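Here are my notes for you to read alongside the model.

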Amino acid sequence: MKLTLSHVTKAFGQKYAVEDFSAEFERGVYGLLGPNGAGKTTLMRMMVDILTPSSGRIRLDGVDISELGAAYRDKLGYMPQEIGVYRNFTARRFLKYLSALKGIPSGEADGTIVSLLELVGLKDVADKKLGGFSGGMLRRIGIVQALLNDPKILILDEPTAGLDPQERIRFRNIVSEISGDRIVLLSTHIVTDVEFIAGKVILMREGRLLRMDTTEDLLRSVEGMVWSVTVPRREADRLKEKYDVSNIAQRADGLALRIVSAEKPLGDARPEQPTLEDVFLHYFGREAV
Amino acid sequence: MRIVKENKAIPFQEFEVPSVSDQKIEAACDRIAEYLPARRRAGSRGTDGLFRIVLLEARCRTPLYWMLCALLLAFGVYALRFSLWNLSPYAVLPLLAPLPFLSNLIDAFWGRERQVAEIEKTCKFSIRQLYLAKLLVGLACDLAVTAALSLFCVGTSYEGWKLAFSSLTALFWVGTAALFLTGGRSCPLSVSALLAVWVIAGTLALQVPEFYRFAVDLNTAAAAGITTVSAVPFFLKLCARSPKNQPEQEGT
Amino acid sequence: MEEKRLVEKVKRGDRKAMDALVKLHYRTIFAYFYRNTGDYHRSCDLTQEVFIKAVSAIPAYKNNGKLKAWLFSIASNSLRNDWRYRKNHPQEELAEDLLKDSAAPDAAQKAELKEAMGRLPPEQREAVVLKYYHGLKIAEIAKATGAKDATVKSRLKYGLEKLRKLLGDENREGE
């Protein structure tokens, strides 16, 4: 199964939300990384065929997704950035409703709902009204509904937004567990969400594809550009003005800075192994942090 | 120099096509098979999806909606058995006939969160099929109430058919207006406004003696003809909500 | 009758029946695309596209024994979309042509006819291919391509005239 985006562009008036975006997706987990306003949500909405590209095309196995229509949506699981629910419905009833919309036979849906609620740890609240669910619980309902039809293509838009660290870890583990034989694309501006689970990372800025590569190759691209140095506060302020700083930590003898720069910032700066956060800073600059 | 004759035969057979290996075709079959419909037994018609969604939508209606339909039915039966404000049921009941359909539109779309629509649009059944299912629930309820009231005319001095035709005419005209107003999107406010306008305008019209007499004295055949004509724009508008997913052209 | 039974089985998700149907028609559809595009890999991609669309839409297909005609109408539509896209993205076309020359298997054929066919306007070429290589009648071509009968006749007439002229000119040049 191959999902191909060819020169996909979306313009709203004079402004390009997505511009000339081309990429190919096969089985695996892809992280779509970019600052707020990069066009991630617009791109994903086009990929799930609820927004039409201004130009370019999106094809699954060579067939335009708008031509495939229901056949494409049958393979699709989508978790939007904001999870909307019918607040008076119980979790079970809401999921049964969506199962019917996804064409899942009633008997099959019951079993699937139970096992998916168990996967995300919501089995005990299946018959509680969604209006009483917390943000984290609603996000978990969001992932459950996206998985109801056992989709071959799973698109998750900022799935961990608003979650506390524990819930983010749980979410990452769920995604890893379910990724299997699918195309999974998840967008985020939080690097750690994808660092450990994405096979390939797509960097997106101002609607454009910056780079698409494996995590290893991206890290390699900033090798020799990451430094650590401990300096007094006044010096730290000067360095912050001049360089991209990915981390600042208070130490007994001053401030420990982690700097991303092609040149060595100070004589006593130590080279460090890059992380994906360093990559993010290198490509998106300090305004994105 | 050779002269080319106009009817010279073209050697089509010379355009040979390269062969495609069996392995290539089998590899293609593997990819094509991912689009096969779900397996089912011979003789089974498969899940009748739209019908199931209609039933599901019916179960999603609030108790308030069913109470309204029941109230309307009770009111209609009372109007048929006893005189209601000295007004003929032929005038009063058609006024109230579109209520189940309009109330259904309000009930189906009120408080509907936009974000749920995002999820609904990516489901196998299109958003238009879903909207159609919601509309069909209201239509079915309205027809059921109308049919029941027509049956209750038995044993009274009123003609069931005439009452049915008059009620259906009102339903079709107001329903058509509602379908124009909503245009495929959820607009509970505009439908509520339409409902209010209809009830007020209808009440005022019935106070005009000529209109009242017309409604009461209309013969059954004429009523049937008017109903038939009224049905055309309504069902055309309903069919225009064909089950074809329409992605947005503009973003939000 | 056999084909109708196969289609019923495919509607119920029978993989073996689907394989049989694809194998029955793959080379015919491939030949249609090859004669229209002259490109082996593009023809393979387009052929796969046709069968994906057909299998996806098979639940709604009225099994009236006209499967081949239905496949041709899907194929014609795919070809049209492909032309339109390539017209708007000529740089992609160039890149793929380079690929084609290096990777396509040899087809032993007379170059003149292929070249002459390639120089026909796409709609005329398509009509000629459907009539003279796939034996479709005017009405069937009209249905498959979404054109009127008169338009198809006109395309065939002008297509053949142009082919004769091109082949006649080429023969003259060879002397």
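1. Start with the open sheet of chain A: its four strands run in the order E12-E13-E11-E14, with antiparallel pairing. Strands here are DSSP runs of at least two residues and helices (H or I) of at least four, numbered from the N terminus, and two strands pair if DSSP finds at least two bridges between them. At the edges sit E12 (244–251) and E14 (270–271) of chain A, each pairing on one side only.

2. A word on the basis: this is a predicted model, where local features need pLDDT of at least 70 and side-chain atom pairs count only at pLDDT 80 or more, while totals for chains, interfaces and linings use all residues. Residues are numbered from 1 along each chain as its sequence is written, and chains are lettered from A and ligands numbered from 1 in the order written.

3. Now zoom in on E11(A), residues 226–231: this strand and E14(A) are antiparallel partners over two bridges. Look for Trp227(A), which stands opposite Pro271(A) in E14(A).

4. Next, the chain A side that touches chain B. The contact (C-beta atoms, placed from the backbone, within 7 Å) takes 33 residues from chain A and 28 residues from chain B. Helix H4(A) gives the most to chain A's side, with four residues.

5. Finally, the domains, whose bounds come from an automatic or database assignment. Chain A has domain 1 (3–220) and domain 2 (224–273), and their C-alpha centres lie 37 Å apart.

Conventions:
Contact = placed C-beta atoms within 7 Å.
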